[in-house]
Amino acid sequence: MLVIRLCRAGSKNKPFFRVVVSESARTPRSRITEQIGYYDPKRKPEVVKIDVAKADTWMKKGAHASDTVRRLLERAREAPAS
């Protein structure tokens, strides 16, 4: 089963997250299927950049989004396209 989740990157005390599609049985830092965006909580304001069309495509194929990614997707849909 595929899952859309966050993959932590960045360094100590400077977290940066990639939004990735990967197998649910794998650890979040293992090989990914595709990266569809990123989330930077340290910037003011926080930056959420997710390719919503790709996320919807993966969800139609059966991928499940984690709770956090689901909330970030809602924010990405509400934000104006830039």
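A salt bridge here is a side-chain nitrogen of Lys or Arg within 4 Å of a carboxyl oxygen of Asp or Glu, and the structure holds five of them. The model is a predicted one, where local features need pLDDT of at least 70, side-chain atom pairs count only at pLDDT 80 or more, and totals for chains, interfaces and linings use all residues. Residues are numbered from 1 along each chain as its sequence is written, and side-chain values use heavy atoms, leaving out hydrogens and water.

Let's start with two of these salt bridges. K54 in helix 1 and E34 in strand 3 are 20 residues apart, yet their side chains meet at 3.1 Å, N to O. Helices (H or I, at least four residues) and strands (E, at least two) are DSSP runs, numbered from the N terminus. K54 counts as partly exposed because its relative accessibility is 35%; buried means under 20% relative accessible area, exposed over 50%, and partly exposed in between (1.4 Å probe, protein chains only). The side chains of R77 and D56 also form a salt bridge, at 2.3 Å, N to O. R77 belongs to helix 2 and D56 to helix 1, so this pair ties together parts 21 residues apart in sequence.

Leaving aside neighbours within four places in sequence, I50 is in contact (heavy atoms within 4.5 Å) with residues including V19, I36 and L72.
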